[in-house]
Amino acid sequence: MSGRKNAGKTSPWLLILISVGCFFATYNFLTLHGRGRDGPRKFLGGVGDPDSAASFGSGSGLDPAKRFHVALTATDALYSQWQSRVMHYWYKEMRDRPGSDMGGFTRILHSGKPDGLMDEIPTMVVDPLPEGKDKGYIVLNRPWAFVQWLERAKIDEDYILMAEPDHVFVKPLPNLAHGDEPAAFPFFYIKPTENEKIFRNFFPEENGPVSKIDPIGNSPVIIKKAQLEKIAPTWMNISLKMKEDQETDKAFGWVLEMYAYAVASALHGVHHSLRKDFMIQPPFDLKTDNTFIIHYTYGCDYSMKGQLTYGKIGEWRFDKRSYIQSPPPRNLSLPPPGVPESVVTLVKMVNEATANIPGWEDERMHNSIAGAKYLNSQAKTGQLITRDHGTHSTMPQQNNITAEEAASYRLTSKENYSAVTRHQED
């Protein structure tokens with residue numbers, strides 16, 4: 001009797017071993033599925049993710065191996081300059097806070113000559129593409145600028161964050177990359193699998209399925225310097241080839257350079273962790289509690305009742321394109337009640353930066369009269385007036401905005417400007 005009872009029992013140590021074995025088997029399976037090179041890409045950075053912005057204290061901070069260098073491309077246009085100044089201010093504010101892995105900073109100035117910010121922001125001057133090579137698409141200078149910087153600069157950090165002037169750091173940014181797997185933000189409008197015919201001109205079938213191409217651009221991306229040194233020349237060459245191909249240029253438009261980076265990365269066998277918490281884009285993302293960066297590429301237009309007037313200039317608005325020829329004034333008016341926290345935080349952070357950056361009002365006053373004359377002259381001739389740095393601005397497809405509404409939305413001020421912005425970078 002006793003023998004039969006003992007024979008029916010399982011040793012508790014055996015149960016523990018089985019449980020542990022099942023745990024690791026399940027973990028490995030889920031990890032493989034989530035990060036499969038040819039299968040669906042895993043989106044990281046949710047609230048439950050221990051490395052998400054909601055638990056941003058996970059940055060190593062003291063580990064030099066995790067430090068990344070912050071690099072952004074820019075021009076000497078005033079529009080690019082004031083955004084770069086605000087971005088650099090918040091970099092300095094966040095760099096040394098707990099949880100940060102932020103290292104050095106470089107503004108890669110591809111205007112070919114120094115400008116007035118050389119003493120304020122660490123800058124390396126590089127050459128633009130030969131005249132006419134960008135075919136009016138100024139963002140083509142970005143990969144060429146990175147190629148030159150990587151060749152010439154002494155970069156102490158092992159990782160690089162590719163950022164843009166219209167980025168504002170809302171939290172200390174840890175290194176979101178994992179070894180040889182860079183971290184990138186997934187853009188809803190980058191859809192490699194929907195453009196397979198075109199991609200095969202740049203990503204031949206022997207390289208595998210088009211699903212290997214990540215739905216990303218080059219920014220924001222945290223990547224190993226050694227990887228970017230290999231990718232950057234390919235990125236530059238593919239960008240130029242895509243621009244020269246009429247079918248590709250027409251299909252990809254203002255996101256062509258983003259697609260080129262995604263293809264170049266895949267050709268080098270580099271795949272990215274897709275971090276939805278990397279940044280938000282007001283007014284469509286409403287809160288900043290689970291993110292590291294605000295990307296203010298879209299205009300924010302609201303009624304005084306706090307209602308979004310997308311496609312129509314609002315009674316209250318903040319749109320960086322309103323400040324093409326003159327920086328925004330200090331102490332911008334805050335949004336009315338009911339406007340999302342993300343927009344309120346953005347305006348407060350711009351106000352704090354402009355209040356503390358020396359000489360802000362002097363520069364603004366110097367350019368305001370000339371800027372107004374310029375805008376009026378451009379409006380009368382109907383010429384395109386925006387030289388948009390560091391933005392990928394588009395009407396989200398799910399909102400079904402008409403071409404007429406888009407044109408109205410992109411007017412540069414409440415006055416009767418007839419000039420519609422042209423969305424370029426740098």
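Predicted model: local features only at pLDDT ≥ 70, side-chain atom pairs only at ≥ 80, totals over all residues.
Two packed helices are described by the angle between their axes and the distance between the axes. Where the two helices meet, V86, Y89, W90 and E93 in α3 are in contact with M349, E352, A353 and N356 in α9, contact meaning heavy atoms within 4.5 Å.

## Helix α3 and its surroundings

Helix α3 covers residues 78-95, which makes 18 residues, and its first and last C-alpha atoms lie 25 Å apart, close to the 26 Å expected at 1.5 Å a residue; the expected span is 1.5 Å times one less than the number of residues. Because 15 of its 18 residues are buried, α3 is largely enclosed by the rest of the structure. A residue is called buried under 20% relative accessible area, exposed over 50%, and partly exposed in between, using a 1.4 Å probe and protein chains only.

Leaving aside residues up to four places away in sequence, H88 touches F105, E120, I121 and P122.

## Strand β2, enclosed on both faces

In strand β2 (residues 68-74), 7 of the 7 residues are buried, so this strand is largely enclosed by the rest of the structure. The side chains of F68, V70, L72 and A74 point one way from β2, while H69, A71 and T73 point the other way, and all of them are buried. Strand β2 runs parallel to strand β3 (residues 102-109), to which 6 bridges join it, and the bridge partner of F68 in β3 is M102. Two strands are said to pair if DSSP finds at least two bridges between them.

## A sheet of three strands

Another part of the model holds an open sheet of 3 strands in the order β6-β11-β10, with mixed pairing. Strands β6 (167-169) and β10 (279-280) stand at the edges with a single partner strand each, so one side of each is left without a neighbour in the sheet. Strand β10 pairs with strand β11 (residues 293-295) in the parallel sense over 2 bridges, and M279 has I293 in β11 as its bridge partner.

The loop between β10 and β11 contains P283, and a cis peptide bond, with omega about 5°, joins P282 and P283. A cis peptide bond also leads from S219 to P220, with omega near -5°, and P220 has its place in strand β8 (residues 216-224).

P143 lies in helix α4 (residues 141-152) and is buried, with a relative accessible area of 0%. Although P143 and A260 are 117 residues apart in sequence, their C-alpha atoms are 9.5 Å apart in space. Beyond residues up to four places away in sequence, P143 touches W235, M236, S239 and E257.

Positive phi values occur in K135, where phi is near 50°, and in N331, where it is near 60°; neither residue is a glycine. K135 is found in the loop between β4 (123-125) and α4, whereas N331 lies in the loop between β13 (316-318) and α9 and is exposed, with a relative accessible area of 66%.

## The chain as a whole

The protein chain has 11 helices and 13 strands, which are DSSP runs numbered from the N terminus, with H or I over at least four residues for helices and E over at least two for strands. Buried residues make up 55% of its 426 residues, and among contacts between residues at least 6 apart in sequence, 75% join residues at least 24 apart. The chain exposes about 19,200 Å², of which carbon and sulfur atoms supply 54%; such areas come from the Shrake-Rupley method with a 1.4 Å probe, and for residues only the protein chains shown count as cover. Residues are numbered from 1 along each chain as its sequence is written, and side-chain values use heavy atoms, with hydrogens and water left out.
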